Amino acid sequence: MNDTDYDRHGWHLSKGLLAPEDLSAIDTLILDKIREHLPQAKSIQDRAWVEFAIRKPEVITLVYDSIRDHPAILDLGRNPKITAVVKDFLDAPVLYRKVPLRIDVPFENKELAFWHQDDFYVQGNKKELTVWIPLQDTYAHTGALSVMTSSHKTGPIPHTYKVGKKSLPTGIFDQPISIVEMERGGALFFSSYLVHSSNLNISDQIRYSIQLRYSSSNAGSHSKLMKGTINV
């Protein structure tokens, strides 16, 4: 897709955008934190670690809390390979400092991000996008994202159905839906108005994913839910 396709469809998949060295610092960071709880772990997908994380979900929270604001993740958001694509879609982009890192163990649905618009939760402005970056090959059974193509054209959609802390839109599921399978190194760029969903990870791996969020600095005020922005 080019920038015109992004305007039409609301999303763009950039395959092979990132080289192994672009993600290695984050791999190392996560593994170091894992080893604080399971010293013998050999990788972020070590089978013993996956089984340990399934049994002890509180450890996932500890790992997440120790990583979420780490400079290595913000450095990824400033990677010129990523920002060059962002600049095709946004004028004068800035990066939100709050960068979610998801650690989704197999068959866990408590935190599953069901159909929604990021705009509903971010509450930013009209010119925002998310860059979703998995740290492993991510297929339908591993929890790939589903996107509702062109749904961004509707603008903000009421999220009226409440499930615990989550709010979901209803009455909109007659649009084309695609499951976006990705290999490690790819990045999915999509509008904050695009309706999308995670899929349940039914594999034997943990699904790690990073969500970088960018806004156009000349498009008005930014979300009060975010902790400032960084120029890119």
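Three strands form an open sheet in the order β8-β5-β10, with antiparallel pairing; strands are DSSP runs of E of at least two residues, numbered from the N terminus, and two strands pair if DSSP finds at least two bridges between them. The edge strands, β8 (177–180) and β10 (196–198), each pair on one side only. From one strand to the next the twist averages 20°, where axes are lines fitted to C-alpha atoms and angles run from 0 to 180 degrees between N-to-C directions.

The model is predicted: local features need pLDDT of at least 70 and side-chain atom pairs count only at pLDDT 80 or more, while totals for chains, interfaces and linings use all residues. Residues are numbered from 1 along each chain as its sequence is written, and side-chain values use heavy atoms, with hydrogens and water left out.

**Strand pairing**
- Strand β5 (residues 145–148) pairs with β8 in the antiparallel sense over four bridges.
- Ser146 has Ile179 in β8 as its bridge partner.
- Strand β11 (residues 207–216) runs antiparallel to β3 and is joined to β3 by four bridges.
- The bridge partner of Arg102 in β11 is Ser209.

**Strand β3**
- In a regular strand the side chains alternate between the two faces of the sheet.
- From β3 (residues 101–104), Leu101 and Ile103 point one way and Arg102 and Asp104 the other way; all are buried (under 20% relative accessible area, with exposed over 50% and partly exposed in between; 1.4 Å probe, protein chains only).

**Helix α2**
- Helices are DSSP runs of H or I of at least four residues.
- The 16 residues of α2 (residues 20–35) should span 22 Å at 1.5 Å a residue, and the 21 Å between its end C-alpha atoms agrees; the expected span is 1.5 Å times one less than the number of residues.
- Buried residues of α2 include Asp22, Asp27 and Lys33, as well as Leu23, Ile26 and Ile30.

**Nonpolar cores**
- A nonpolar core is a set of buried Ala, Val, Leu, Ile, Met, Phe, Trp, Tyr and Cys residues joined through side-chain atoms within 4.5 Å.
- The largest has 46 residues, of which Trp49, Ile82, Val131, Phe189 and Leu212 touch the most other members.
- Helix α2 gives the most to this core, with six residues.
- A second, separate core has ten residues, among them Trp11, Leu145, Leu188 and Leu194.

**Ser215**
- Ser215 lies in strand β11 and is buried, with a relative accessible area of 1%.
- Its side chain makes a polar contact with the side chain of Glu128 at 3.4 Å (a pair of N or O atoms within 3.5 Å; within protein, one must be able to donate a hydrogen and the other to accept it, and residues adjacent in sequence count only if both atoms are side-chain atoms).
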